Amino acid sequence: MAAVDAAAFTEVRGLRRQLRRTGVSVNSALLYASLAWMAIVALAALIPGVLATDDPTVLDPARALQPPGAGTLLGTEQYGRSVATLLVHGARSAMVIGLLATTFGMLVGSVLGLIAGYLGGWVDMVIGRFIDMLMCFPGVLLALIIAAALGSTTTNLILAVGIATVPGFARVMRGQVLTVRGHLYVEAARSNGFSPARTVFRHILPNALAPSVVMATVSIGVAIVVAASLSFLGLGPRTEVPDWGQLLSLGQPYLANSWWISTFPGITLTLTVIAVSLLGDWLRDRLDVE
Amino acid sequence: MTTTARTMLALTGLRVDVDRHGTAIPLVRDATLQVRAGEIVCLVGESGSGKSVTARTIMGLTQLNPRMSVGGSAVFDGDELFDLSAERMRRLRGRELAMVFQEPLSSLDPVWNIDSQLREGLRRRERVSQKAETGRLLEALAEVGIHDGSRVLRSYPHQLSGGMCQRVMIAMALLARPKLLIADEPTTALDVTIQAQILELIDKLRRDEDMSVLLVTHDMGVAADLADRVVVMYAGRVVEDASPRDAFARSAHPYTRGLLACIPPMIGERPEQLPAIPGTVPDPSNLPTGCSYHPRCPRASERCTVEDPPLTNVAGTAVACWRPGDVVIGEDELVTVRGQAS
Amino acid sequence: MSVTQARTSDQEDVGVPDPILTLDHVSKHYEVRSSSNPFVRPDLLRAVDDVSLAIGRGETFGLVGESGSGKSTLGRVAVRLSTPTSGRVEFDGLDISHLGGTNLRRVRRHMQVVFQDPLGSLNPRMDVGDIIGEPLRVFDKVRGSELDDRVADLMRAVGLDPSRASARPRALSGGQRQRVGIARAISLNPKLILADEAVSALDVSVQAQISNLLVDLRERLGLTYLFIAHGLPIVRQVCQRVGVMYLGRLMEYGTIDDVFENPQHPYTRALMAASPIPDPTVRRERIVLHGEPPSPLDLPSGCRFRTRCPMAQDVCVDVAPPLVQLGNGHAAECHFAGQLEAAA
């Protein structure tokens with residue numbers, strides 16, 4: 001009987017969710033590893049001196065292109081600076097850009113999504129078309145165009161990466177608002193005679209926010225990668241200390257002989273993105289977002 | 001009532017626990033009941049009484065959830081259901097045992113039309129030619145009062161009304177010619193005029209096919225209309241098992257009386273306030289000591305607060321109460337609650 | 001209410017002496033696109049079609065009907081959660097049919113709603129005290145300990161323990177949630193409460209508690225209710241007058257005694273006959289109506305009940321039935337109204 005099978009199916013799905021929630025030990029090990037990694041990255045961003053004692057601005061051609069192991073942990077680049085030190089000092093730029101770009105994208109995107117979802121009608125249509133237009137370009141390409149147009153400063157990089165994440169946030173928020181707006185308690189607020197502003201900020205927004213928060217964690221990872229890509233292509237800010245993307249590109253000509261210059265920044269980026277998205281998964285389960 | 005007919009289903013001391021963070025929470029504590037061939041037994045109770053869990057356990061559905069553990073015995077037509085292999089159980093479902101759910105629309109798969117869903121059910125039972133199949137489907141639909149069967153077969157669930165979907169669900173159950181139909185609140189989501197039609201249909205199938213029915217309902221009116229036997233559950237236990245006449249006119253358990261008393265009358269004097277049962281159904285994870293009804297019971301004595309009464313048979317009525325009543329409901333016996341805390 | 005019953009029958013309208021809510025030829029139509037082709041004209045769904053009724057101050061008016069009858073739509077139009085397509089909605093002497101913005105919000109504090117789904121109508125991220133106190137805070141600017149006291153009073157008034165003020169709706173039982181909804185609705189001393197299937201989803205024992213509470217509050221606070229339900233027994237218990245809807249029209253209305261003891265519309269009779277009675281000694285013809293209601297997008301000519309009516313004649317196909325006044329404010333929209341024998 002189809003109905004029975006359907007019921008059995010729901011049961012099995014319920015079971016799977018249950019397993020996910022009760023948390024198998026592999027998951028919690030990964031979670032703790034992610035937390036530990038992000039703690040290190042955060043420490044590097046806040047007080048790099050604790051992790052790397054030597055000055056990243058001092059060039060020493062005599063120590064150029066030393067392999068990992070002897071003397072330096074991760075080897076040195078072509079100007080003799082320690083790759084490990086540069087990675088530690090590059091963390092700040094990565095985190096600042098990741099966090100600020102995501103904050104910008106989330107704010108702008110969520111506001112657009114909220115307005116579109118709540119007002120509907122032609123406003124929704126105009127915002128929707130605008131978002132569609134942004135979405136026509138892949139995120140990296142969009143950020144690239146914007147960064148190229150604005151010129152390479154840290155602020156512009158943040159703007160470029162942030163704008164690239166706007167469409168995602170706008171869509172998620174709009175969808176959530178549409179769902180929550182249909183809930184009875186919103187109707188109840190309306191029947192109580194509350195103002196639209198109160199209805200939106202007290203009753204709709206708090207109930208629509210969770211998926212955007214989850215998305216933000218994932219988005220931080222994406223933003224770090226996009227920012228690194230732009231830096232790699234030379235569209236990042238010109239700074240004395242190279243960020244992770246610049247370090248990647250510094251190592252590019254030496255890839256055949258001195259593989260460590262590019263490889264370690266690559267691994268650092270990958271680990272950071274994985275850690276952030278695992279934390280996002282955990283947060284999603286905690287906030288019970290479907 | 002056909003007391004001499006053979007027993008189709010016998011539940012004895014059925015127990016269902018759900019594991020919540022390591023503690024076993026009893027959803028059904030002691031469900032004992034029989035359904036005889038050709039009999040309609042109505043399992044009544046409020047939400048949280050365990051009546052739906054009981055029904056789903058008979059079908060082997062609660063057991064699919066690893067957090068549920070089932071104890072006691074369920075003998076169906078001579079076979080102990082809880083000893084059957086998963087494969088045997090699966091074969092039993094949809095053949096000798098069929099179930100109809102409360103939400104007709106969500107019990108049908110939205111992506112297939114009625115034709116393919118019914119055909120799938122039929123093919124599990126027997127293989128006949130395509131043409132004969134279609135004939136059987138139309139026949140089954142006609143049996144449940146759908147006369148434009150070919151249109152309905154082409155339809156998708158969302159194109160049909162709730163009553164129509166419920167008919168299709170029943171037709172699907174009937175294609176298997178089950179010995180026992182378990183109907184879990186089959187008319188709760190339907191309008192009263194449609195409910196009347198579905199109840200008539202179930203009654204007719206019982207008469208014509210000698211099918212046994214276990215009908216789960218919260219509506220005492222539905223039970224009064226259809227039941228050969230009324231089984232009342234409260235907080236996971238069967239508290240009363242009686243013939244309809246006894247259950248309604250001479251309820252032995254104070255809970256049954258309370259339930260009946262709070263239904264507003266359709267004729268005669270209207271009471272100023274309804275004699276409501278105070279309080280609410282207890283949470284299964286936090287059951288009162290003794291008889292779980294005692295905090296709400298107007299007849300509760302000292303003993304009721306410490307000792308859980310066993311289900312005892314007295315003159316054809318089984319009742320789990322230390323102080324069963326045998327008088328017709330008197331209003332003075334019931335507490336009138338004026339908006340008291342629940 | 002005695003005032004309603006005392007009125008004479010020669011009045012042609014549905015007027016009651018002191019109406020707090022008057023619906024005058026109210027319709028609510030929706031356009032429904034059944035085809036994705038933009039050039040096909042959308043169908044017209046007549047959810048409410050030309051309904052007039054008046055509700056007297058202090059009475060409870062019940063509105064019954066099956067799903068699709070338009071009773072909930074009518075309720076929403078009555079408290080202006082929805083704008084009527086045509087007709088007039090008058091609340092306490094004020095035409096509110098097309099009121100909007102601040103003016104509408106000002107009226108709303110006098111007409112509150114209690115919804116069917118108590119959990120769904122409570123914001124899951126607010127606690128009970130915040131939910132009940134919100135209207136007081138917003139409209140009357142009540143703050144601090146005064147607000148706490150008022151919330152505690154309201155909670156006691158609906159039979160909730162004030163110590164549960166910090167509980168989330170999810171932690172409450174169904175009956176308690178509905179009490180929270182009622183406390184919120186009465187917090188601003190409204191004149192009218194729309195109870196939209198407010199007791200329908202509750203277990204019978206809880207349903208009795210909540211309907212007792214509603215009756216109690218009506219008497220204590222002088223409330224008026226528009227009480228929408230699909231169960232007839234509960235309407236008979238809590239209401240003074242009742243209207244029966246079918247496919248967007250008010251088929252019959254009158255005092256509870258008149259309508260329940262002497263229904264003059266075949267549909268009212270069918271509804272009553274189909275309503276299960278908890279008495280196994282009553283054996284009745286179970287099926288009173290065959291088939292299903294027709295689609296509201298394609299209404300029958302003449303009387304819209306004729307396709308299922310056991311009494312339908314030729315005239316019912318051709319001529320829409322008149323509203324027949326039967327005295328004492330009792331009226332039925334049927335060619336044969338007044339000719340049906342009194343029910344047993």
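Reader: How far apart are the end C-alpha atoms of residues 259–280 of chain A, and how much of that span is helix?
Author: Those end C-alpha atoms are 32 Å apart, and the chain there is 95% helix and 0% strand. Helices (H or I, at least four residues) and strands (E, at least two) are DSSP runs, numbered from the N terminus. Residues are numbered from 1 along each chain as its sequence is written, while chains are lettered from A and ligands numbered from 1 in the order in which they are written. This is a predicted model, in which local features need pLDDT of at least 70, side-chain atom pairs count only at pLDDT 80 or more, and totals for chains, interfaces and linings use all residues; side-chain values use heavy atoms, leaving out hydrogens and water.

Reader: What does UniProt list for "transmembrane region" in chain A?
Author: The unreviewed entry lists residues 29–51, 94–118, 130–150, 156–173, 208–235 and 259–280 of chain A. UniProt positions follow the numbering used here, feature names are shortened, and annotations may be inferred rather than shown by experiment.

Reader: And what about residues 208–235 of chain A?
Author: That span is 86% helix and 0% strand, with its end C-alpha atoms 36 Å apart.

Reader: Turning to chain C, which residues of helix 3 are buried?
Author: In helix 3 (residues 101–108) of chain C they are Leu104(C), Val107(C) and Arg108(C); buried means under 20% relative accessible area, exposed over 50%, partly exposed in between (1.4 Å probe, protein chains only). Viewed down the helix axis, these residues fall within an arc of 105 degrees, so they line one face of the helix. The arc is that of the directions from the helix axis to the C-beta atoms.

Reader: What do they pack against?
Author: They pack against helix 8 (184–191) of chain A, together with strand 4 (86–91), strand 5 (94–95) and strand 6 (111–114) of chain C. Contact means heavy atoms within 4.5 Å.

Reader: How many aromatic pairs are there over all chains?
Author: A search of the whole structure finds nine. Rings of Phe, Tyr and Trp (its six-membered ring) pair if their centres lie within 6.5 Å; planes under 30 degrees apart count as stacked, over 60 as edge-to-face and the rest as tilted. One of the pairs is Tyr255(B) with Tyr293(B), edge-to-face at 5.2 Å centre to centre and 70 degrees between the planes.

Reader: Are Tyr255(B) and Tyr293(B) buried or exposed?
Author: Tyr255(B) is buried, at 0% relative accessible area, and Tyr293(B) is buried at 2%.
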